[in-house]
Amino acid sequence: GIISKHWEFVEAGKKNVDWAITQQLDYGYFLHNNFRTGQKALTHSVGYVMRGFIESYLLTKEKKYLDAVIKTANKIVSIYGIRKKIASEIDEEWKDVSYHICLTGYAQIALDLIKLFQICGDPRYLNTALHLIDDIKIQQPLNNPGADFFGGIKGSFPIYGRYAPLQFPNWATKFFIDALLLKLEVM
């Protein structure tokens with residue numbers, strides 16, 4: 001349920017989420033889902049939007065929030081099922097506009113899909129999440145325990161992709177750990 005006694009905060013939050021719903025296209029894509037004007041959506045920002053709708057649904061139990069995230073999740077499951085990858089950057093028609101993948105976005109979306117599996121029980125969400133997690137694990141450097149980046153998660157694969165090029169952002173590893181912990185919980 002609602003955790004704040006300050007209803008003005010709750011109402012402001014709901015207004016933001018309700019505005020975001022107006023930005024969703026029929027096939028699940030959210031307009032203005034980027035960090036910079038003119039940029040296409042990143043799987044990283046898609047993961048944030050999905051999480052926002054999941055948490056909004058869990059707090060309010062308003063079905064419109066769940067319906068919105070399911071629409072996006074179903075498209076992601078479909079795309080991954082066909083292409084066996086989700087490009088880091090996608091346009092309004094869910095077409096790839098980059099060659100690289102965003103491992104941070106993969107971890108976030110895996111976490112979101114497992115949460116949706118917990119809510120809805122649809123095994124497609126769990127299956128896709130497990131594949132995304134496996135795709136990340138393949139990229140995790142575990143062969144040199146003394147290295148500064150041992151166990152970290154690259155921002156992009158290949159590492160010189162546009163999202164966090166040549167970096168191991170701490171939030172990528174954080175989202176990956178969150179996804180792994182939730183995987184353990186549901187398995």
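Trainee: In which loop is Lys61 found?

Mentor: This is a predicted model, in which local features need pLDDT of at least 70, side-chain atom pairs count only at pLDDT 80 or more, and totals for chains, interfaces and linings use all residues. Residues are numbered from 1 along each chain as its sequence is written, and side-chain values use heavy atoms, with hydrogens and water left out. Helices (DSSP runs of H or I, at least four residues) and strands (DSSP runs of E, at least two) are numbered from the N terminus. In these terms, Lys61 is found in the loop between α2 and α3.

Trainee: Does Lys61 count as buried or exposed?

Mentor: Buried means under 20% relative accessible area, exposed over 50%, and partly exposed in between, with a 1.4 Å probe and protein chains only. Lys61 is not a glycine, yet its phi is positive, near 65°. Its relative accessibility is 53%, so Lys61 counts as exposed.

Trainee: Over the ring of which residue does the charged end of Lys61 sit?

Mentor: A charge sits over a ring if NZ of Lys or CZ of Arg is within 6 Å of the ring centre and within 35 degrees of the ring normal. The charged end of Lys61 is 5.4 Å from the centre of such a ring, and that ring belongs to Tyr57.

Trainee: At what angle do α2 and α3 pack?

Mentor: Axes are lines fitted to C-alpha atoms, for helices over the stretch in contact, and angles run from 0 to 180 degrees between N-to-C directions. Contact means heavy atoms within 4.5 Å; here the residues that meet include Phe53 and Tyr57 in α2 and Tyr65 and Leu66 in α3. The crossing is left-handed, a term for a near helix turned anticlockwise from the far one by less than a right angle, clockwise being right-handed. The axes of α2 and α3 are 8 Å apart, and the packing angle is about 150°.

Trainee: How are α1 and α3 oriented to each other?

Mentor: Lys14, Val17, Asp18 and Ile21 in α1 meet Lys64, Tyr65 and Ala68 in α3, and α1 passes α3 in a left-handed crossing. Their axes come within 11 Å and cross at roughly 40°. Angles under 35 degrees count as roughly parallel, over 145 as roughly antiparallel, 65 to 115 as roughly perpendicular and the rest as oblique. The two helices are therefore oblique.

Trainee: How is α4 oriented to α5?

Mentor: The axes of helix α4 (residues 103-120) and helix α5 (residues 123-139) come within 8 Å and cross at roughly 155°. The relation of α4 to α5 is therefore roughly antiparallel.

Trainee: Which residue forms an aromatic pair with Tyr29?

Mentor: Rings of Phe, Tyr and Trp (its six-membered ring) pair if their centres lie within 6.5 Å; planes under 30 degrees apart count as stacked, over 60 as edge-to-face and the rest as tilted. The count comes to five aromatic pairs. In one of them, the ring of Tyr29 has its centre 5.8 Å from that of its partner, with 90° between the planes, and this edge-to-face partner is Trp94.

Trainee: How many residues apart in sequence are the parts that the Tyr29 and Trp94 pair ties together?

Mentor: Both Tyr29 and Trp94 are buried. Tyr29 lies in the loop between α1 (7-22) and β1 (41-42) and Trp94 in the loop between β2 (89-90) and β3 (101-102), so the separation of the parts tied together is 65 residues.

Trainee: What is the pair of Phe53 and Tyr65: stacked, edge-to-face or tilted?

Mentor: Phe53 and Tyr65 are both buried, and together with Phe30 they form one aromatic cluster. The ring centres of Phe53 and Tyr65 are 6.3 Å apart and the planes lie at 50°, so the pair is tilted.

Trainee: What is the relative accessibility of Ser88?

Mentor: Ser88 has its place in the loop between α3 and β2. Beyond its neighbours within four places in sequence, Ser88 contacts several residues, among them Ala41, His100 and Tyr163. Ser88 counts as buried, at a relative accessibility of 0%.
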